[in-house]
Amino acid sequence: MIPLENGWPDLYMLRGGGGSTNNYNFAGQTLCIPHGHHWALSIHNIHGLPDAPVIIQPCGGVVTLDGQKLHPTTNETRNGTPIRIKNCTHLRLTGQHIPDVSPDDVMGIIAENAQLHGVHVGGGSSSIEIDHVESRNHGYAGIVVRTYPECDDDDGSLLYNRSTFTQYNTSIHHNIIRNVGGEGMYIGTSHYHLDDGGYVYGSSNCFPDDGITTTAPEASLRGVEVYQNVVEDIELDAIQIGAAIQNVRVHHNTIRRFATKHQYGHSNGIGMNPGSTGDVYDNWIEGNDPAAAAESGADYAEPVVAIVFYGQAESNETSRIYHNSIQNVDVAFGFYNTEDAMNQSYIFTGNTVYNFTGSTPVKVYCLNTNANDNISVNYPHVTVEHNIFALGLEATSLLEDPSSANNWKGWKSFYGNGNGIPGDPSTACLDHVATQQDNVWALAVDDVVDAMALHQVPATQQQEEDEWWWWSSGFNYEGIFYHCLAKSIQTDYDCMVGLAQYSYHSSYYNNSTTHRNNNKKKNLLALSLKPQSTIFDSS
């Protein structure tokens, strides 16, 4: 284990590719940050190997990196990035495994009080893993791992564009991010759909001759996994992933109180920015409670969306969104197409959605919003099936045909633009008839208490036996449904998913919109909701 040395007051810095470390091989080495309260960590030009990564971790106890720590001699406040990693490959930053000090789940590295980002990885970095880090109280983002095209300071050449750089194998897991003024995570870039119109840092240096060209295609990401993170109290998107065109998974994250600023284009729990594909599953996504937010004076001009995709860059891709538990949002799933790839496919299935405040839990903008597509030739496919949508008081007309009686809403509420035409599913992005029939709709749920009283399941029954025990015991489907809603929407995915998978067998559920909350009684669902147990104590 190699201890990092303290350089400029409270700055731990390591530079490869020049200076005293020029010829040192860091592959397979573990670099140690001494326990204590420091200003910043800066790592540049350090490279491991696929089977021998460089590991950076604390030694002797928890390390706190404070972007505004006072200068030790002048006592002046300094603004800095607590952790900055530039042009590094095959590197792991981990706060795990502090011998004789803490268990594995303690965040051994704390990054706090940055003017902008708590952890900022860029400058051509690739194959980066970040885990067991707490990033908190920042002006903008908690964890940033992205490289925009930029100009070389020495010769003005263009670096890191789509043809010269790919960000591989980004792994972000077992971290806590809280209380930031921008995104919780900012993974990849945001303008992949603009192709040659992508953003360039320092563009005036790259194109001195014409003074016009200031853009370039942004780089791709291949291989992204974001899992087992806690992200809470975020003013914009909780998790944002852009330009991730291959092998992407986002799962088992806990997201609470996000998009509190309600800013246009940045009000998502999980935002899969232009170009991104991938699977999003087993996440807990909890927005602000609408009543509490109203009391606080929050501005609801911009809807909050739990999960949104902005279009896949590669043709014939399928993104699956499943087994997520979603509550207190305006819209559960959004598809806002900005790409022109052929045969894009999105499957939203087996999710549990409770207390959505929009006129629909699903909103699709299927026509390419970046160009004029011929929808009969190039159209995406969105499938919404086997989900449970409970308590959507603004959506009680959703399953009706549009008419003057429902202000011309009905199934049209599913669509933001174009090709929401009933009839042949092959010419529609989203088949509204199948969407109506193949999901459980309990938009008002006025008789939960009565159903629970009639169909009690023994309280001692083990959770892992819930789903199949109920089926084999012959309980009335309606009673199981309400028990499941009241018991499991908060923590137990199995019950909800099992019911959603079998919901289309019952005509009762296809007509469940006849249940209305006319007397506005408080249902058992609201009484039974409690926070999901998580891997971290986030108090």
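1. For burial, the cut-off to keep in mind is this: buried means under 20% relative accessible area. Note too that this is a predicted model. With that cut-off, Cys366 and Cys429 are both buried.

2. Those two cysteines form a disulfide, with their sulfur atoms 2.2 Å apart. The link connects distant parts of the chain, 63 residues apart: Cys366 sits in the loop between strand E32 (362–365) and strand E33 (381–385), and Cys429 in the loop between E35 and helix H3 (432–437). Torsion about the S-S bond comes out at about -70°, so the Cys366 and Cys429 disulfide is left-handed.

3. How many disulfides does a search of the whole structure find? It's two. Cys32 and Cys59 are also joined by one, at 1.7 Å S to S. Cys32 belongs to strand E3 (residues 30–38) and Cys59 to strand E5 (residues 54–66), so parts 27 residues apart in sequence get tied together. The S-S torsion for Cys32 and Cys59 is about -135°, so this disulfide is left-handed.

4. Is Cys59 buried or partly exposed? At 22% relative accessibility, Cys59 counts as partly exposed. Cys32, at 2%, is buried, and Cys88 is buried at 0%.

5. On to the core. The largest nonpolar core runs to 83 residues, and Ile130, Ile307 and Phe333 have the most contacts inside it. Leaving aside neighbours within four places in sequence, Phe333 touches, among others, Val305, Ile307, Phe309, Tyr346 and Phe348, plus Lys363.

6. Last, a loop residue: Lys412 lies between strand E34 (388–390) and strand E35 (415–417). Lys412 is partly exposed, at 44% relative accessibility. Its C-alpha is 8.2 Å from that of Asp401, 11 residues apart along the chain.

Terms used
Residues numbered from 1 in each chain as written. Predicted model: local features only at pLDDT ≥ 70, side-chain atom pairs only at ≥ 80, totals over all residues. Heavy atoms only, no water. Core = buried A, V, L, I, M, F, W, Y, C linked by side-chain atoms within 4.5 Å. Buried < 20%, exposed > 50% of the residue type's maximum accessible area, 1.4 Å probe, protein only. Contact = heavy atoms within 4.5 Å. Helix = DSSP H or I, 4+ residues; strand = E, 2+ residues; numbered from the N terminus. Disulfide = S-S within 2.5 Å.
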